[in-house]
Amino acid sequence: MTAPRRLRIGLWLDDLLVSKYAHALVAWARSQPNVDVVGLQTHSSPARVRPQGVVSRALYQMLLAIETAQLQRNPRYQDHLKTFELHELGCETVTLSGKASDVAAVQALNLDLVACLGTGLPPDSVTSSARLGTVAFEW
């Protein structure tokens, strides 16, 4: 009898600094005997929307401080904004350049599923290379 095929999941990421939720997904996958996770870091981080002008920046910083304070008050969400380095879990990572050669590099990984945890979606050529398709989470 042959061993079951390992499920290979590619995480499409803007950065290798990930949320606690992505960290939990990788930790879970690493604890499973037949699941492998590969971090797929896109070449360029998405442009962050930053307010222009002194007043707008001050209001933005104030809203961030209010949000952080509200999250800190609730024990369930105190660590909601915590981030982790993906390599701390020993997760294999591949940095993609945004060129046509990326498609061949992703296909060579033999991924079963691509989970998009960043702000952008991968090109169709990458999503179609995963055997089971792509799942995207927007936040």
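In which helix does Lys 20 lie? Lys 20 lies in helix H1. This is a predicted model, in which local features need pLDDT of at least 70 and side-chain atom pairs count only at pLDDT 80 or more, while totals for chains, interfaces and linings use all residues. Residues are numbered from 1 along each chain as its sequence is written, and side-chain values use heavy atoms, with hydrogens and water left out.

**Overall fold**

- The chain has four helices and seven strands, taken as DSSP runs numbered from the N terminus (helices H or I, at least four residues; strands E, at least two).
- From the N terminus, the order of elements is β-β-α-β-α-β-β-α-β-α-β.
- Of the 139 residues in the chain, 31% are buried (under 20% relative accessible area; exposed is over 50% and partly exposed in between, with a 1.4 Å probe and protein chains only).
- Among contacts (heavy atoms within 4.5 Å) between residues at least 6 apart in sequence, 70% join residues at least 24 apart.
- The accessible surface (Shrake-Rupley method, 1.4 Å probe; for residues, only the protein chains shown count as cover) comes to about 9,200 Å², and carbon and sulfur atoms account for 57% of that.

**Helix H1 and Lys 20**

- H1 covers residues 20-31.
- Its buried residues are Lys 20, Ala 22, His 23, Val 26 and Ala 29.
- These buried residues pack against strands E1 (7-13), E2 (17-19), E3 (35-41) and E4 (83-85).
- Lys 20 and Asp 79 are 59 residues apart along the chain, with their C-alpha atoms separated by 7.8 Å.
- Leaving out residues up to four places away in sequence, Lys 20 touches Arg 76, Asp 79, His 80, Lys 82 and Phe 84.

**Nonpolar cores**

- A nonpolar core is a set of buried Ala, Val, Leu, Ile, Met, Phe, Trp, Tyr and Cys residues joined through side-chain atoms within 4.5 Å.
- The largest such core has 15 residues, and those with the most contacts inside it are Leu 11, Leu 13, Val 18, Val 26, Val 37 and Leu 86.
- E1, H1 and E3 each supply at least two residues of this core.
- A second, separate core of 13 residues includes Leu 40, Val 94, Leu 96 and Cys 116.
- Val 18 touches Leu 13, His 23, Lys 82, Thr 83, Phe 84 and Leu 86, with residues up to four places away in sequence not counted.

**Helix H2**

- Leu 59 is placed in helix H2 (residues 54-73).
- Leu 59 is partly exposed, at a relative accessible area of 45%.

Terms used. The expected span of a helix is 1.5 Å times one less than its number of residues.
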